[in-house]
Amino acid sequence: MSIFISGMWLGWPSSASEKFMKHETGELHVTYDQLSWIVCMMDLGNFISPLFGGYLMDRFGRKKVIAALGPLFIVSWSLTLFVPNTVALYTARLMAGLGKGVSYTVVPVFLGEIAGVDIRGALGSVFTIQLSGGVLFEVIIGPYVSYQTLNATSAVVPMLFFIAFIWVPESPYYLLKVGRPADAARCLRWYRGCDAGSGDDTVDAELQLMEVNVRKDMENGSAFGELFTNPNNFRALAVVVVACAGQRAGGISSLTAYSALILPEPSPIMGKFEFIIAFAIVLVIVNFVGLAMVDRVGRKPLLIASVAGLGVVTFVFGVYYFAAENFPDVAPAFRWVPYACHTTFAATFSIGIGFIPVVFLGEMFPVNVRSRCSAFASVTLAFFSFLSNKTFLVVSHEYGYYTMFWTFSAVNFACAYFLHRYAIETTNKTFLEIQEILDDSVRNGLRRRRKRPEIAVMYDNSSRVNIQ
């Protein structure tokens, strides 16, 4: 649920930005530049927190760190309610970003450690669905209530999360790691729905397997440098980082935050905010379609099709805004184009690039470096989201919306090319098979770089040079 709250904070600017611009926020008034800082401060917090999130969960436990997110989010929403100035909003968004970064670092590990083997593969979808659900929550409520009511309603959710989560047991894996096998057995039985005093053979066998895994993991090195010195890890890291960068720098962050300002008026068919709600609904629904297709079509083709499709959509977006600025008499007849692109973007994003980087993260790395890569991926997502959100309003105001949309298009096409060339297919592959594929791709890459064409130079009696 902490991911859901993070999604609420992501969706909040989409409803709040227009209230700021129309001066519907009481005593609080902001400029375009201040609004861009309010939006991107969350990304700044998200950039910082993964660096210490991994340490905190190993030092204090998974449960305690996740539970601490409740008070953090409560305080962040309270600042929007009781301190009506821009500094408070900067601080609130920064705190929300800290919570989001910790959530993305700790929650995947916690879920992976408490889940049974039969459902572990489906957990890669939890993050995107909950994140999109949080965005949907804000865009549904926001247009129909006041600024204060929106913030008050949002503040209730982290309270409910904290009250519910404090009763959840710690991860058995962590308890074994710190030498508390009896507590680990009790917690594992709770998660498997067994009585505290029962001696279920299946649970006992699972606990023994956990103990073996813990001992093995403790023997393996987990230095951050392993991501860069091991060729397989570095190749996988490059693919994940480019996919994460493309996900955030390809337009989703700015469309989520600024849709209310981007879409022209009057809107066709229905109101502008109904289109924004439809955008959030499509993000959620099409995500399920992508999850159904990913094991049939394959990760790589679905990912490339999604990113290339976003390149086309954002290019058309830019064409409309270029025409609107340079041919104002013609543009009104095509006002439906940005709305069609807006909805198409949500569908194209959710069916591939929206969730496949998380799947790659869980499949392409050994356990001993997975948490390190998770932190690295979270930092990458935060950095490019910050960059996109901070520059969007400033550049668009100075040079037009089409400049940013054509930039998004270039990013998407470049990302699609890189993934086509370097990503590997992991569908229906075991961890060992994936490592073997990575090893082969690294060796083949080295072989191609070392191979040089042999040029034979021959001289004849007439002093002409023949190259064969």
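This is a predicted model: local features need pLDDT of at least 70, side-chain atom pairs count only at pLDDT 80 or more; totals for chains, interfaces and linings use all residues.

Next I stayed with α10, which covers residues 181-191. I wanted its buried residues, and they are Ala184, Ala185, Cys187, Leu188, Arg189 and Tyr191. I noted that an arginine, Arg189, is on that list.

Cys187 got its own look. Its relative accessible area is 4%, and the cut-off for buried is under 20%, so Cys187 counts as buried. Then I searched for disulfides and got zero in the structure.

Last entry: a pair of helices. I picked α1 (residues 2-21) and α4 (residues 62-82). Their axes come within 11 Å and cross at roughly 20°. Angles under 35 degrees count as roughly parallel, so I wrote down α1 as roughly parallel to α4. For the handedness, I have α1 passing α4 in a left-handed crossing.

Which residues make the contact? From α1 I listed Ser2, Ile5, Ser6, Met8, Trp9 and Trp12. From α4 I listed Leu69, Phe73, Ser76, Trp77 and Thr80. Sorting this contact by class, I got seven nonpolar residues, four polar ones and no charged ones.

Conventions:
Residues are numbered from 1 along each chain as its sequence is written. Side-chain values use heavy atoms; hydrogens and water are left out. Axes are lines fitted to C-alpha atoms, for helices over the stretch in contact, and angles run from 0 to 180 degrees between N-to-C directions. Helices (H or I, at least four residues) and strands (E, at least two) are DSSP runs, numbered from the N terminus. Angles under 35 degrees count as roughly parallel, over 145 as roughly antiparallel, 65 to 115 as roughly perpendicular and the rest as oblique. A crossing is left-handed if the near helix is turned anticlockwise from the far one by less than a right angle, and right-handed if clockwise. Contact means heavy atoms within 4.5 Å. Ala, Val, Leu, Ile, Met, Phe, Trp, Tyr, Cys and Pro count as nonpolar, Asp, Glu, Lys and Arg as charged, and the others, Gly among them, as polar. A disulfide is a pair of cysteine sulfur atoms within 2.5 Å. Buried means under 20% relative accessible area, exposed over 50%, partly exposed in between (1.4 Å probe, protein chains only).
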